[in-house]
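Please walk me through this structure, beginning with the chain as a whole and then turning to single residues. A plain account is enough.

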Amino acid sequence: MNSDNKEIISLGSGNKYAKWISQTLERLCFYVSWGTIGLFFIQIFCNYRGILLPGWVTSLMVILLAAAVGYITNFIAIEMLFKPYEKSYKHYLTIASFGIWSQGLIPSNKNKIAQELGKQIKEHLLDESKIAGEICDTVSKYIENKDNINQLQTGIQNLLREHESRIVDFIYPQVEESLYLCLDNLMTKENFEKITNERIIPYLKKENVRQYLAQTFTGMIRGRSEDLILLLKKLIKDFIYDFLSKKPLTSPFAKSISDGIVQGIHWNTIEWQLYDLMKSNSFQKIIADEIPKLLDKIRTELQSPDSQRKLPVFLDSVKMELKDWLTKYIRETMPLMVKNAIESETLWNWAKTELVTTVKPKLELWLQTRGKDLVVQKLDVSNRVREAIDKQNVKKFHDMVNAVARENLSMIQLLGYVLGGVIGVLQVVSSLLATH
């Protein structure tokens, strides 16, 4: 063990020893002082009864009584700092002062002490502006450090992951309600007619669009040419059969004749001719030219009373179908969307570069102006100190003072005892000198 440690241990032991001595002497003085008061009343009783006491006893009583008065005076003065804790007319200090001292000095002036202490701390100990400036500088430096930003990102991501299901539960109804409201606002009869008349029909009437539709339509028919031939066979066969079956002479042979005629036709040739016809530009032009007429008929039909009556019902059914589909889609995809957003490096890189770069100058400007004033306002040192003292229990505060300064308070009382004793000695000496 080095010399410094030995010195510290010796000082600690010395302090404990000195504290024990002072507290022991203070207790001794307490009992001796009150015992002296008791002896003083015994002395008065003896004098009253004519019992003469030796001179040295009287001189000793003067010294002890003076010392007791010095001790008790300091003891009561210290007690009067805190007691009574609340206004009381039954406390011994109140009774001893004939009701004048109904509450301790500190409890009775608690509000004034709190206000003055708050004011003094604010003016001389804690400079709010300086503290606010240091806080703002710390925040400003914090956001400049990339490691701090990365730690902040990690912390936010962990927090979001922990509450991912709650985030989904919160976002889902908001998104669902917004989409439903959008559908309700968009899919109205007025909007449907407006979009149809101003957007869809004019767009479909464009020449390039009509040509594309004609090519698509004829291409679809060519792809079903075999089915078309079978349909033609059936139509021709049924037509011939119906015609012959109505004639008395040919009705017995209607089926065989109609079958024979249909089988005798070169359908492969017809199929290729139809294929070439539908592939020709002239046929496609005929189809393209018919499209505007068809669109005009659709527009006219939409304006009819019957369509006007059925259109809202149709739109409502479409909205219901879309809402059901959206509900299912959102329920299935929302958890993944939230998870992807939380884990998205692109999002966090954007936040760390674009967002921080944009926000940082504005944040620094705000911290140095409005932010600093706001911190000062929130600190409010004076009121915080005042409120803390107002809330402080006086008894607990007294106990705290005793725990911290008991040794010093004991020394004050001991000093009162010693000074009182010295005065007593001086009185005895003075009395002896006067008699001689």
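**From the whole chain to its details**

The chain has 18 helices and zero strands. Its radius of gyration is 54 Å, well over the 22 Å that the globule rule gives for 436 residues, so the chain is more spread out than a compact globule. This is a predicted model. The C-alpha trace spans about 185 × 55 × 45 Å along its principal axes.

Surface and contacts come next. Of the 436 residues, 25% count as buried. The chain exposes about 30800 Å², and carbon and sulfur atoms supply 63% of that area. Among contacts with a separation of 6 or more, 75% are between residues 24 or more positions apart.

One part of the surface can be picked out in helix H1, which covers residues 3-49 and contains Leu25. Together with Leu28 and Val32, Leu25 makes a nonpolar surface patch of about 230 Å². Leu25 counts as partly exposed because its relative accessible area is 39%, which lies between the limits of 20% for buried and 50% for exposed.

Further along is the loop between helix H2 (55-82) and helix H3 (92-96), where Pro84 is found. Most peptide bonds are trans. The bond that joins Lys83 and Pro84 is cis, with omega at about -5 degrees.

Charged side chains are the next topic. Side chains of opposite charge can pair when their charged atoms come close. A search of the whole structure finds 15 salt bridges. One of them is formed by Lys189 and Glu193, whose closest N and O atoms are 3.7 Å apart. Both residues lie in helix H9 (residues 189-204), and they are four residues apart, about one turn of the helix. Lys189 is partly exposed, with a relative accessible area of 24%, whereas Glu193 counts as buried because its relative accessibility is 17%, under the 20% limit.

Helix H11 (residues 225-245) holds another such pair, Asp238 and Lys234; they are four residues apart, so about one helical turn separates them. Their side chains meet in a salt bridge of 3.0 Å, N to O. Asp238 is partly exposed, at 32% relative accessible area.

The side chains of Lys237 and Asp259 meet at 2.8 Å, N to O. Lys237 is partly exposed, with a relative accessible area of 32%, while Asp259 is buried, at 18%. Elsewhere, salt bridges that share partners join Asp184, Asp316, Lys319 and Lys323 into one network.

Lys323 also takes part in a contact through its backbone. The backbone oxygen of Lys323 lies 2.8 Å from a polar atom of the side chain of Thr327. Thr327 is in helix H15, which covers residues 305-343. What does Thr327 touch, leaving aside its neighbours within four places in sequence? Thr327 is in contact with Tyr172, Glu176 and Tyr180. Thr327 is buried because its relative accessible area is 16%, which is under 20%.

How values were computed: Residues are numbered from 1 along each chain as its sequence is written. This is a predicted model: local features need pLDDT of at least 70, side-chain atom pairs count only at pLDDT 80 or more; totals for chains, interfaces and linings use all residues. Side-chain values use heavy atoms; hydrogens and water are left out. Patches are made of residues with over 30% relative accessible area and no salt bridge: like charges are joined within 9 Å, nonpolar side chains (Val, Leu, Ile, Met, Phe, Trp, Tyr) within 5 Å. Accessible areas come from the Shrake-Rupley method with a 1.4 Å probe; for residues, only the protein chains shown count as cover. A salt bridge is a side-chain nitrogen of Lys or Arg within 4 Å of a carboxyl oxygen of Asp or Glu. Helices (H or I, at least four residues) and strands (E, at least two) are DSSP runs, numbered from the N terminus. Buried means under 20% relative accessible area, exposed over 50%, partly exposed in between (1.4 Å probe, protein chains only). A polar contact is a pair of N or O atoms within 3.5 Å; within protein, one must be able to donate a hydrogen and the other to accept it, and residues adjacent in sequence count only if both atoms are side-chain atoms. Contact means heavy atoms within 4.5 Å. The radius of gyration is taken over C-alpha atoms; the globule rule is 2.2 Å times the number of residues to the power 0.38.
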